[in-house]
Amino acid sequence: MCGIMGYVGPQQAAPILLDGLTRLEYRGYDSAGIAVAGGGIEIRKAEGKIERLAALIDSEPIAGNAGIGHTRWATHGPPSDRNAHPHADPTGDFVVVHNGIIENFYALREELQASGASFASDTDTEVLAHLVASEYDGDLVAAVRKAVARARGAYALVVMAKAEPGTIVAVRKISPLVVGLGDGENYLASDIPAVLHRTRDFLIVEDDELVVIDADGASIETISGDPVQREVFHVSWDAEQAEKAGFEHFMLKEIHEQPSVVSETIAGRLEDDRVVLEDAAFDDDFARGIGTLWITACGTAYHAGLVGAEVFRRTLRIPTRVEYAHEMRYGDPLVAPGDLAVAISQSGETADTLAAARLAGELGARVLALTNVVGSTLSRDADDIVYTRAGPEISVASTKAYLAMLIGQYLLALRLGRARGVLDEEVARRVTAGLRRLPEMVEEVLRSEKDVMAAAESMVDADDVYFIGRGLDYAVAMEGSLKLKEISYLHSEAMPAGELKHGTLALVTEGVPVIVVITQRDVYDKTLSAVQEVKARGARVIAVAYDTDAEIGKFADVVLRIPEGEDLLAPVTAVVPLQLLAYHVARLRGHDIDQPRNLAKSVTVE
Ligand code: M6R
C-alpha cells in the first residue's frame with residue numbers, strides 16, 4: 001500500500017530517494033518522508049504529495065550518501081506530518097520505514113509504554129523503531145531480527161542506524177521488496193519501476209527474508225539467519241513505458257495503449273490450432289479432470305473475472321464460480337482437489353487475492369495466477385502463471401490491465417477447451433480469428449473518443465448514474481460503473497437489466513443517466529425492453545452498441561458505437577467507451593484522475 005525506497009552509494013541520497021518515491025507515488029500519497037545518514041541521521045517528512053516533501057527539502061537540505069524513504073497510504077493514524085514515515089526511536093539513532101500492518105502493535109506499544117517509552121505518532125510503525133533500538137547491541141542485523149520476531153502481520157521493513165551509516169537492513173514478510181543492483185551503489189524499493197531507470201538487475205526478496213545492502217553489494221539471508229543464494233533477475237521492460245507519453249494523464253495514456261496491449265497479450269500464444277501459455281505447466285490430463293473452475297480477485301480484476309466466468313462456463317461447460325477474494329478467504333469455500341483456481345490481480349500483491357489463492361491451494365486446487373507483474377508474490381505462489389503483459393500500469397484506475405486480463409482468460413478458455421475436447425471447432429476458429437482482430441477494433445473505438453466526450457458533457461452534473469446489461473454486458477456494466485465512481489466521484493450502480501424493475505426503477509426519473517451495454521444478441525430484445533422501461537420514466541439513455549445495430553438509435557439518446565464482432569469477445573471493445581466516459585466526466589469535474597481520493601493502486605493490506 002505504501003511505497004518504500006532505500007539508497008546507499010557515492011551520490012547524495014536525498015534526490016535519488018525523492019525521485020524513487022515520485023515513481024512509487026501511485027502506491028500511496030497522503031504523506032512522504034526521507035531519512036538520510038550523513039554526520040548523524042536527519043529526517044524530513046510532510047503530509048501531502050511528494051512535491052510538499054521536495055519543497056521542504058529545498059528549504060532545509062539534507063546531505064548524506066545513504067538513506068531511506070517512504071510514501072504513505074494511511075492505515076494507522078490519519079495522514080499528517082507526525083504520522084508520515086520515517087519513524088525514529090526516541091534517541092533518533094534508529095529510523096524505519098514500513099509498508100504493511102503490524103497486527104499486534106497495540107500490545108507492543110502498551111508494553112513499551114509501561115517501561116517508560118513515549119511515542120511521537122499514532123502509527124503501528126513506530127513500535128518497530130523502538131523495538132530495534134531496544135534490541136540493539138552493536139549489530140543492526142541481529143537487532144532487526146529480534147525486533148521482527150516480536151511483530152505479527154504483513155510488512156516490508158527498512159531500517160537504518162546512526163552507528164552503521166553505510167548499511168541498510170530490510171525484512172520482507174508478505175509486502176513486496178526488491179533490491180536494485182548498481183555499480184558501487186545499491187537500492188531497495190517496493191517495486192521495480194521505482195529504480196528501473198537506474199538499474200535493470202534486481203534481487204527479489206522473498207517472504208521471511210532479511211537483506212543487507214551497502215555500497216558494495218547486497219546479501220540475503222532467511223530471517224532465522226541461513227544464507228540465501230538468489231539469482232539476479234534481469235528486467236527487460238522499457239523505462240519509457242512508465243512515462244505519460246504526451247497524454248494529460250496516465251489513465252488516458254493507458255487507455256490508448258490498449259490496442260498494443262491486446263496484441264502483446266496475444267503475441268506468440270495463438271499458433272494455428274494451439275494456444276501456448278508459456279508459464280502454465282498444467283497438462284491435458286489435469287485440464288480434462290477439472291471439477292470446478294474458481295475465479296477470485298478484487299475490484300477491476302474481479303470484474304474481469306465476471307467476464308471470464310461466463311466465458312469459461314459457456315465454452316467449457318464446467319461449473320464456474322467467481323468470488324471476491326475477501327469473501328472467499330473467510331467464506332469456507334467448497335474448493336476440492338482437482339479444481340482450478342484462477343487468481344486475477346494486476347499487481348499480484350493484493351493481500352486478499354493472495355490469501356484466497358493460498359486457501360484454494362491448501363484445499364487442493366491447482367492455482368493459476370493471471371497477473372501483470374512478473375515476479376509478483378501471486379506469480380511466485382501459483383502453480384501456473386499467465387502474464388497479462390500490459391506493461392506498468394500507473395493510473396490507480398485500472399484500464400489496460402483489465403483488457404489484458406480478459407484476453408488472458410480467452411486464451412485460457414481456448415487452451416482448456418481444446419484439452420478437454422469440448423470446444424466446438426467452429427467456435428474456436430471464430431474466437432481465434434476474433435482475438436486477432438481485436439487490436440484494430442479497439443483502435444477503431446478509440447477513434448470515436450469525441451462522441452464519448454460529448455456524452456460525458458451531458459452527464460457531468462448528474463447525481464446518480466445507472467449501468468445495465470445482461471450476461472457479458474452486465475459484467476462490462478459493472479466495470480464501467482466502478483470506473484466512473486472511482487475517478488468522477490459520481491454515485492453509480494450497475495445491475496443486470498432484468499433486475500431494474502425489482503426496485504431500482506423507482507430511482508429512475510426525468511434526466512437520470514442510464515447507461516446500457518447492449519451487444520449480446522441472444523438477450524438483445526430483453527435488454528431493449530429494459531431500455532424502453534427507463535426511457536418511459538424519462539431517463540437519458542446512453543447505449544454502447546454495435547455499429548450495425550439499427551434498432552437502438554430509436555430509443556437511446558446517445559449511442560456509442562463499437563465494431564460488430566463475436567459476442568463472446570464484445571467485452572473487450574464495449575468497455576473502452578465506458579473507460580473514456582469515466583475519464584472525461586472526471587476531467588470535466590476537475591478531479592485528480594491518476595490519484596483519486598482515498599484509493600491506492602495496490603491494496604497490500606487486508
Ligand atoms: O492489483 P489488483 O488487480 O489485484 O487490484 C485489485 C483492485 O484493487 C483494483 O482493480 C482496483 O479496483 C482498481 N483501482 C480499479 O480501477
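Arg 389 is partly exposed, with a relative accessible area of 24%. Partly exposed is the range between buried, under 20% relative accessible area, and exposed, over 50%, using a 1.4 Å probe and protein chains only. The model is predicted, so local features need pLDDT of at least 70 and side-chain atom pairs count only at pLDDT 80 or more, while totals for chains, interfaces and linings use all residues. Residues are numbered from 1 along each chain as its sequence is written, and side-chain values use heavy atoms, with hydrogens and water left out.

Stay with Arg 389. Its phi is near 60 degrees, a positive value in a residue other than glycine. Most residues other than glycine have a negative phi, and most peptide bonds are trans. Arg 389 lies in the loop between strand E22 (384-387) and helix H13 (400-420). Helices (H or I, at least four residues) and strands (E, at least two) are DSSP runs, numbered from the N terminus.

Tyr 489 is another residue to look at. Its phi is positive, about 65 degrees, although Tyr 489 is not a glycine. Find it in the loop between H16 and strand E24 (491-496). Tyr 489 is partly exposed, with a relative accessible area of 22%.

Now turn to a peptide bond. His 85 and Pro 86 are joined by a cis bond, with omega about 0 degrees. Pro 86 sits in the loop between strand E4 (66-72) and strand E5 (87-88).

Next comes the ligand. Which residues are closest to it? They are Ser 345, Gln 346, Ser 347, Thr 350 and Glu 486, out of 14 residues that surround the ligand. A residue counts as near if one of its heavy atoms lies within 4 Å. By class, this shell has five nonpolar, seven polar and two charged residues. Ala, Val, Leu, Ile, Met, Phe, Trp, Tyr, Cys and Pro count as nonpolar, Asp, Glu, Lys and Arg as charged, and the others, Gly among them, as polar.

Helix H9 (299-316) and helix H16 (472-488) each supply at least two shell residues. The largest share, three residues, comes from H9.

Look at the oxygen atoms of the ligand. One lies 2.6 Å from a backbone N or O atom of Gln 346. An oxygen atom of the ligand is 2.7 Å from an N or O atom in the side chain of Ser 347. For the side chain of Glu 486, the distance from an N or O atom to a ligand oxygen is 2.4 Å. Taken alone, the ligand exposes 410 Å², and the protein buries 91% of that. These areas come from the Shrake-Rupley method with a 1.4 Å probe.

Conventions
A polar contact is a pair of N or O atoms within 3.5 Å; within protein, one must be able to donate a hydrogen and the other to accept it, and residues adjacent in sequence count only if both atoms are side-chain atoms.
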